[in-house]
Amino acid sequence: MSIEKQQVLDAFHFRAACRAYDPTRKISREDMDYILELGRLSPSSVGSEPWKFLVLQNVTIREKIAPVSWGIKHPMNEMSHLVVILAKKNARFDSEFFRTSLEKRGLTPEQMSATIARYKTFQTDDIQILESERTLFDWCSKQTYIALGNMMTGAALIGIDSCPIEGFSYPEVNRILAEEGLFDPNEWGVSCMVTFGYRAKEIKKKYRKPTEEVIEWVE
């Protein structure tokens, strides 16, 4: 299977932060499942997959988070889909979360011990993320952005618009969604949100820094 490079570049030029969606056009379940599958199949550091994707279509819950989600510039009913991406908390090398993930790989007891020891060194010395719960959570949140990018790019490839959202009160959105029973706040936290739909009007051409400012070849 192959795809033309120009098709990919065209999708990247098409993709822009959509601030106004056509409320009369909704994404099909088939297309939305495809977008979510791109998130699920995304790579992550040490294969941790420290994410969950909440497809928040419930009108009542959407309206509860609307007053504290200033980054969503339009009424909540305009976009077709709203996905809240959660990141795992306390994803330490010695956690049940990591052990369960490793067990799925069919490792022998010896391989399991060696892998956990490797991850301990990685988290403690190499990347140094065990200093606080927040540092560890931020590491997992970084992984979710790989999935976020893949979902937005994959959506653009089939003509679907999106907008990544960080403009909201994290404490309030976490509180509201946890109180709705959507996740255990001791185990998960909101990393970011992303809206999907079809643009209601043309989007102004986006600016990007020129190649020479952001790319340097070291040979």
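I began with cysteine 192, which counts as buried because its relative accessibility is 1% (buried is under 20% relative accessible area, exposed over 50%, partly exposed in between, with a 1.4 Å probe and protein chains only). This is a predicted model: local features need pLDDT of at least 70, side-chain atom pairs count only at pLDDT 80 or more, and totals for chains, interfaces and linings use all residues. Residues are numbered from 1 along each chain as its sequence is written, and side-chain values use heavy atoms, without hydrogens and water.

I searched the whole structure for disulfides (cysteine sulfur pairs within 2.5 Å) and found zero. Cysteine 192 is in none; the nearest cysteine sulfur, in cysteine 163, is 11 Å away.

Next, the cores (buried Ala, Val, Leu, Ile, Met, Phe, Trp, Tyr and Cys joined through side-chain atoms within 4.5 Å). The largest has 23 residues, and Leu177 is among those with the most contacts inside it. A second, separate core of 15 residues includes Cys192 and Phe196. I listed contacts (heavy atoms within 4.5 Å) for leucine 177: they include Ile61, Val84 and Val190, leaving out residues up to four places away in sequence.

Last, the sheet. It is open, with four strands in the order 1-2-4-3 and antiparallel pairing (strands are DSSP E runs of at least two residues, numbered from the N terminus; a pair needs at least two DSSP bridges). I noted five bridges between strand 1 and strand 2. Valine 55 stands opposite valine 83.
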